[in-house]
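Reader: I am new to this structure and would like to learn how its features are read. Could you take me through them one at a time?

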Amino acid sequence: MSKKNFLFTSESVSEGHPDKVSDRISDAVVDAFLGADPHARVAVETLCTTNLVVLAGEVRGPASITRELMEETARHAIKDIGYEQDGFHWKNAKVEVHVHSQSADIAVGVDAAAEKDEGAGDQGIMFGYAVNETDTLMPAPIHLAHSMLKSLAEARHSGASPLLGPDSKSQVTLEYRDGKPVRATSVVISTQHDASLSQADVREIVRPHVVNCLPDGWMCDEAQFYVNPTGRFVIGGPDGDCGLTGRKIIVDTYGGAAPHGGGAFSGKDPTKVDRSAAYAARYLAKNVVASGLADKCVIQLSYAIGVSKPLSVYVDTSGTCKVDEDRLSDVLQQLMDLSPRGIRTHLGLNKPIYARTAAYGHFGRTPEADGGFSWERTDLVEQLKKAF
C-alpha cells in the first residue's frame with residue numbers, strides 16, 4: 001500500500017539555466033527545420049559554456065537551413081532569453097555548427113516503404129502521467145516549482161525586476177496528508193542577480209513570486225524559506241556552468257513523481273518516439289484523469305527501432321481506477337493510433353512548436369491555437385466516458 005503521509009520535493013530551472021539554454025537552442029533548430037519542411041528529420045545537441053556555443057548532430061531537411069541560419073537561430077534564442085553579459089553574450093559568443101546528414105542506416109529503418117509503415121526512430125520506453133492534485137493535472141510540487149520561476153522570468157522580461165539575471169532554480173517540498181498536498185514545508189530559490197543587490201534584497205524581490213504562486217496558507221516557515229543560500233549568485237548561466245541538451249529530463253516531466261523512460265525531448269523531431277510517444281502517453285493519461293475514470297494514471301509505451309506499433313502499452317492507476325484497467329488499456333489503443341505516424345497525425349506534431357517547450361516543463365501547459373502543447377488537450381474525455 002502506498003504511503004499517505006509524507007514529504008515530497010521537486011525542482012525546476014529557468015530558461016537561463018545553462019542546460020535550458022542548450023535545450024532552447026536545440027529546439028529552435030528543430031523549429032527552423034520543421035518550419036521549412038514538416039517532414040524534416042532533426043537530432044541536434046547543444047553545448048554552452050563561456051562565450052561558446054557548439055551545435056552537433058544529424059539532420060535531413062531542406063538546403064535552405066544552412067549552418068549560417070543555424071548560427072543565427074542560436075544567437076536569437078540566447079538574445080530572447082536575455083543574455084548580454086561579458087561571459088555569455090548573444091552577439092559576442094562564438095557559435096560552432098557541426099551538423100551532418102542523417103545516417104542512411106537509421107533512415108532505412110524509419111522511413112515508410114512499400115507495405116512497411118513508418119517505424120520508430122529508436123527503441124525505448126516512454127511514460128506519461130497525470131494526477132488530480134492541480135488544475136493542470138500535474139503533481140503539485142513540480143507545478144509550483146515551475147510557476148515560481150516563470151513568475152520571476154516574467155518580472156525580469158517586463159522590466160519590473162531588472163536587477164535579476166536569467167539563471168535561476170527552484171525547489172519545493174510539500175507535505176502530503178492522506179495522499180493530498182496540504183502545505184509547503186520548505187522553498188528554495190536561487191536566482192542570478194546584479195552585484196549591487198544583497199542577499200536580503202534578493203530575498204524580498206523573490207518573496208511575492210513564491211507567496212503568490214502558493215495556495216493561501218501554504219507558505220513555509222521563514223526559517224525554511226531559502227533564497228540564494230550561498231549568499232551570492234552574480235556569475236551564472238553558461239559562464240558559470242557548462243550546459244548540455246537533455247540534462248534536465250525530470251524537470252521537463254513530472255519532477256520525480258512518476259517514472260521517466262530515460263530519453264530527452266529537446267533537439268528531436270517528432271519521428272523520435274523519445275519525444276512524441278512521451279507526449280502521447282501524457283495525453284492519454286491526462287484524458288483518463290480528466291474523465292474521472294481514475295485519480296492518477298501512469299502509462300508506459302515501448303518501441304523498437306523501425307517497428308511502427310508499440311511493443312507494449314501498460315496502464316497503472318495505483319488502485320484509483322473506477323473501471324477495469326485491462327479494458328481501459330484496450331479502449332485507449334482504440335481511440336489513438338500509437339504508431340509514430342499516428343501520434344504525429346493525431347497531435348499535429350509536424351509543426352515548429354518546440355522552442356516554447358524548452359523551459360518550465362513540457363506538461364501542464366495550456367494548448368495553443370497554432371497546435372502548441374496539443375498533448376495537453378482533453379478532447380478524449382467524452383469518448384472515454386461513453387466507452388464505460
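**Rings, spaces and cysteines**

Author: Tyr279 and Trp375 are both buried, where buried means under 20% relative accessible area, exposed over 50%, and partly exposed in between, for a 1.4 Å probe and protein chains only. Please note that this is a predicted model, in which local features need pLDDT of at least 70 and side-chain atom pairs count only at pLDDT 80 or more, while totals for chains, interfaces and linings use all residues. Residues are numbered from 1 along each chain as its sequence is written, and side-chain values use heavy atoms, with hydrogens and water left out.

Reader: How many aromatic pairs does a search of the whole structure find?

Author: Rings of Phe, Tyr and Trp (its six-membered ring) pair if their centres lie within 6.5 Å; planes under 30 degrees apart count as stacked, over 60 as edge-to-face and the rest as tilted. The search of the whole structure gives nine aromatic pairs. In one of them, the ring centres of Phe265 and Phe363 are 6.0 Å apart and the planes stand at 70 degrees, so this pair is edge-to-face.

Reader: Which parts does the pair of Phe265 and Phe363 tie together?

Author: Helices (H or I, at least four residues) and strands (E, at least two) are DSSP runs, numbered from the N terminus. Phe265 belongs to the loop between helix H6 (249–252) and helix H7 (273–290), and Phe363 to the loop between helix H9 (340–347) and helix H10 (381–387), so the pair ties together parts that are 98 residues apart in sequence. Phe265 and Phe363 are both buried.

Reader: How is the pair of Tyr279 and Trp375 arranged?

Author: Tyr279 and Trp375 are stacked, with 3.8 Å from centre to centre and 15 degrees between the planes. Tyr279 is in helix H7 and Trp375 in the loop between H9 and H10, so this pair ties together parts that are 96 residues apart in sequence. One aromatic cluster is formed by Tyr129, Tyr254, Phe265, Tyr279, Phe363, Phe373 and Trp375.

Reader: Which ring has the charged end of Lys79 over it?

Author: A charge sits over a ring if NZ of Lys or CZ of Arg is within 6 Å of the ring centre and within 35 degrees of the ring normal. The charged end of Lys79 sits over the ring of Trp90, at 4.5 Å from its centre. That of Arg327 sits over the ring of Phe388, 5.7 Å from its centre.

Reader: Which residues are closest to the centre of the largest cavity?

Author: The largest cavity holds about 70 Å³ of space. It is lined by 13 residues, and the closest to its centre are Phe127, His260, Gly261, Phe265 and Ala278. Strand S7 (124–131) and H7 are the elements that give two or more residues to this lining, and S7 gives the most, with three residues.

Reader: What lines the second largest cavity?

Author: This cavity has a volume of about 60 Å³. Its lining includes Ser14, Glu15, Arg156 and Tyr360, and helix H4 (140–158) and strand S8 (164–177) each supply at least two residues.

Reader: Which residues lie nearest the centre of the second largest pocket?

Author: In the second largest pocket there is about 240 Å³ of space. Of its 15 lining residues, Glu15, Arg24, Lys150, Ala359 and Tyr360 lie nearest the centre. H4 provides the largest share of this lining, four residues.

Reader: How many disulfides does the count give?

Author: A disulfide is a pair of cysteine sulfur atoms within 2.5 Å, and the count comes to zero disulfides. The sulfur of Cys220 is 13 Å from the closest cysteine sulfur, in Cys213, which is too far for a bond. Cys321 is in no disulfide either, as the nearest cysteine sulfur, that of Cys297, is 7.5 Å away. Cys220 counts as buried at 6% relative accessibility, and Cys321 is buried with a relative accessible area of 19%.

Technical notes. 1 Å grid on protein atoms, 1.4 Å probe; cavity = no way out; pocket = protein on both sides within 12 Å on 5 of 7 lines; lining within 4 Å. Points joined across faces, edges and corners; volume = space filled by probe spheres on them.
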